[in-house]
Amino acid sequence: MIKAYQERYLEFKSQAEDLGRRGVRLGWIRVGVFSLGFLLYLAWDMGSGTLATGLGVCALLCLGLFLALVMWHRRVRRRREWFEDMARINQISLARAECRWTELPEAGVQGPDADHPYAFDLDVCGQASLFRLFTSVTLPPGVETLRRWILSPADPTEVGLRQEAVAELAPEVDLRQELELLGRSVDGPPTDSIRRFLEWAEAEGWLHRRPWVL
């Protein structure tokens, strides 16, 4: 898997660099088109007759081309940022596979209770911990779920279901990393907010509690 992460990192990095160079070229083309359109506008403003009309049309064409280049440039920048982020994710995955702790993101998880039977012996949630080594989870609900799974035992049936899910997702590297990227690109809602929403959604309906409304 280390080789796969290395290859993916180099591929995404190369794509990001290519798009970066394309973005620079598009930036200069935008400057050139804008300058040409501005000069054509000045010539139209000072001219008259058929020639001025032609200059005005050319200036409008330059304006349309400039706007199209702006939208194209934005897409190129977004795509470059996507490849840069994917390269970073594979760099982190490679560091995780090689246990290079200083290159891993902070765990960002609440530690276990002082009387937990095994968390401190195994360093489950510390800086060089199982949690930090295992996780690519980025949103608070997922972080809390993984923490609960590591710190709490599960019955054999639940363990089997989790192992099946792991076996299914293990080869889906693209899917897992795209989900990780989506998680890193948004600010997730607090866990308490999600819990309260679920409690509200699963509670008895308001109309059922007030039959006099019907």
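Tutor: Let's settle one word before we zoom in: a residue is buried if its relative accessible area is under 20%, exposed if over 50%, and partly exposed in between, using a 1.4 Å probe and protein chains only. You're looking at a predicted model, where local features need pLDDT of at least 70 and side-chain atom pairs count only at pLDDT 80 or more, while totals for chains, interfaces and linings use all residues. Numbering starts from 1 along each chain as its sequence is written, and side-chain values use heavy atoms, leaving out hydrogens and water.

The protein chain has nine helices and zero strands (DSSP runs, with H or I for at least four residues making a helix and E for at least two a strand, numbered from the N terminus). Along the sequence, that reads as α-α-α-α-α-α-α-α-α. Of its 214 residues, 27% are buried. Take the contacts (heavy atoms within 4.5 Å) between residues at least 6 apart in sequence: 68% of them join residues at least 24 apart.

Now the rings. Phe, Tyr and Trp rings (the six-membered one for Trp) pair if their centres lie within 6.5 Å, and their planes count as stacked under 30 degrees apart, edge-to-face over 60 and tilted for the rest. That rule gives five aromatic pairs. One of them joins phenylalanine 12 to tryptophan 82, edge-to-face, at 5.9 Å centre to centre with 80° between the planes. Phenylalanine 12 sits in helix 1 (residues 2-46) and tryptophan 82 in helix 2, so this pair ties together parts 70 residues apart in sequence. Phenylalanine 12 is buried because its relative accessible area is 10%, whereas tryptophan 82 comes out at 25% and therefore counts as partly exposed.

Phenylalanine 12 has another partner, phenylalanine 83; that pair is tilted, with 5.9 Å between centres and 40° between planes. Here too a residue of helix 1 meets one of helix 2, so parts 71 residues apart in sequence are tied together. With a relative accessible area of 9%, phenylalanine 83 is buried. Put together, ring pairs link Phe12, Trp82 and Phe83 into a cluster.

The axes of helix 2 (residues 49-97) and helix 7 (residues 173-184) come within 10 Å and cross at roughly 110°; axes are lines fitted to C-alpha atoms, for helices over the stretch in contact, with angles from 0 to 180 degrees between N-to-C directions. The two helices are therefore roughly perpendicular (65 to 115 degrees, against under 35 for roughly parallel, over 145 for roughly antiparallel and oblique for the rest). On the helix 2 side, Trp82, Asp85, Met86, Ile89, Asn90, Ile92 and Ser93 make the contact, and helix 7 supplies Gln177, Glu178, Glu180, Leu181 and Arg184.

Serine 93, in helix 2, is buried because its relative accessibility is 7%. Skipping neighbours within four places in sequence, serine 93 touches Tyr5 and Gln177. Arginine 8 belongs to helix 1 and, at a relative accessible area of 17%, is buried. With neighbours within four places again set aside, arginine 8 is in contact with Met86, Asn90, Val173, Asp174 and Gln177.
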